[in-house]
Amino acid sequence: MPLVSMRQLLDEAAKGGYGVGAFNVNDMEQIQAIMAAAKETNSPVVIQASRGARAFAQDRFLFHLILAASELYPEIPIAMHQDHGNSFETCKSAIELGYTSVMMDGSLKEDGKTPSSFEENVAVTKRVVDFAHDRGVTVEGEIGVLGGVEDGHGAGGSGLEHVTDPDQAVEFAERTGVDALAIAIGTSHGAYKFTKKPDGSVLKMDVLIAIHKRLPNTHLVMHGSSSVPKDLQDVINQYGGKLKETWGVPVEEIQLGIRNGVRKINVDTDNRLAMTGAIRKVLWTQPEKFDPRDYMKPAREAMQKVVALRMTQFGQAGHAGDYAPIPIEEIAKGYADGTLATQPLVAAK
Ligand code: 13P
């Protein structure tokens, strides 16, 4: 199956009332782990690459690895997404490479660190929307600022410093025409999100619910959604790691989000933890090993297990065969004639 528009994937998820995991990748083993999990659970999926990932793997390597996934698994709808684009040029380069979706994170200035003004965010996001929609490509924007730093991108600090204002979210969605909207509700990138199991004082699900009520047709995106499970932390620490005690976003809170308009859930850290734990275990218990396959294979399997579990918990499992991909050129026409501004995509089975 050709790569699918993320808009189509998320419109279908909205119809079915489920969420879709968006998993970050840097290398072949992570892509293989995601695809094995998608096949195992029969799930559509978003595979996403940050700027850091594109630089690490080299653009064309990463693009062709994801393309290989779509060739090898024709039954699985895959949207290829740029995570946290920092500028119009970053998004344009992803679109020209063949990504079917981009995130323009205009909540930060181009340095990827300094919070921007509302007007700056609207201007750069709208510019990306115009360029992307002309080509049938989906756009995710961000309003409010997440905490933490990932791959050098992020304002740092706690996730509570710039929680999204629902009035601004509505104005932002209307003025930019984004397909999906990332909001800040207290989460942050990385392993250290919360110092105890989060409650309503640090994880603002009430803000998410208020935004969904005002924007029922905009797909909401939860970033920083790793659950940072204790069992994955324990494996790392058991085999020589030094992680401090920490809490992520409980899966039941994500499921509450999914019942309230969340359609895309970003997960990176849980997969990093799973792979690192598996690699540490091999190197710690079998120090004579030196063939990378001896530790990359268990690492890949550990990530597959986490991804398959999340796919089941988010509800995307079982939905890979619900629809056929709409060609990106058709989607561009829907943006041009205005139908996609007000209506979900309707796909054939
Ligand atoms: P985690 O660090 O919680 O996995 O979040 C990843 C993310 O939001 C990528 O954009």
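In this predicted model, residues 24 or more positions apart account for 77% of the contacts in the protein chain that have a separation of 6 or more. The chain contains 14 helices and eight strands.

The overall dimensions can be set against a simple expectation. For 349 residues, a compact globule would have a radius of gyration near 20 Å, and the 19 Å of the protein chain therefore agrees with a compact globule. Along the principal axes, the C-alpha atoms fill a box of roughly 65 × 45 × 35 Å. Of the 349 residues, 56% count as buried. The protein chain exposes about 14200 Å², of which carbon and sulfur atoms supply 55%.

Attention now turns to the ligand. It is surrounded by 15 residues, the closest being Lys193, Gly224, Ser226, Asp268 and Thr269. Classified by residue type, this shell comprises one nonpolar, 10 polar and four charged residues. Two strands, β3 (78-85) and β8 (262-267), each supply at least two residues of the shell.

An N or O atom in the side chain of aspartate 83 lies 2.7 Å from an oxygen atom of the ligand. For histidine 84, a polar side-chain atom is 3.4 Å from a ligand oxygen atom. Glycine 190 takes part through its backbone, a polar atom of which is 2.8 Å from an oxygen atom of the ligand. Of the 310 Å² of accessible area that the ligand has on its own, the protein covers 100%.

Technical notes. Residues are numbered from 1 along each chain as its sequence is written. This is a predicted model: local features need pLDDT of at least 70, side-chain atom pairs count only at pLDDT 80 or more; totals for chains, interfaces and linings use all residues. Side-chain values use heavy atoms; hydrogens and water are left out. A residue is near a molecule or strand if one of its heavy atoms lies within 4 Å of it. A polar contact is a pair of N or O atoms within 3.5 Å; within protein, one must be able to donate a hydrogen and the other to accept it, and residues adjacent in sequence count only if both atoms are side-chain atoms. Accessible areas come from the Shrake-Rupley method with a 1.4 Å probe; for residues, only the protein chains shown count as cover. Helices (H or I, at least four residues) and strands (E, at least two) are DSSP runs, numbered from the N terminus. Ala, Val, Leu, Ile, Met, Phe, Trp, Tyr, Cys and Pro count as nonpolar, Asp, Glu, Lys and Arg as charged, and the others, Gly among them, as polar. The radius of gyration is taken over C-alpha atoms; the globule rule is 2.2 Å times the number of residues to the power 0.38. Buried means under 20% relative accessible area, exposed over 50%, partly exposed in between (1.4 Å probe, protein chains only). Contact means heavy atoms within 4.5 Å.
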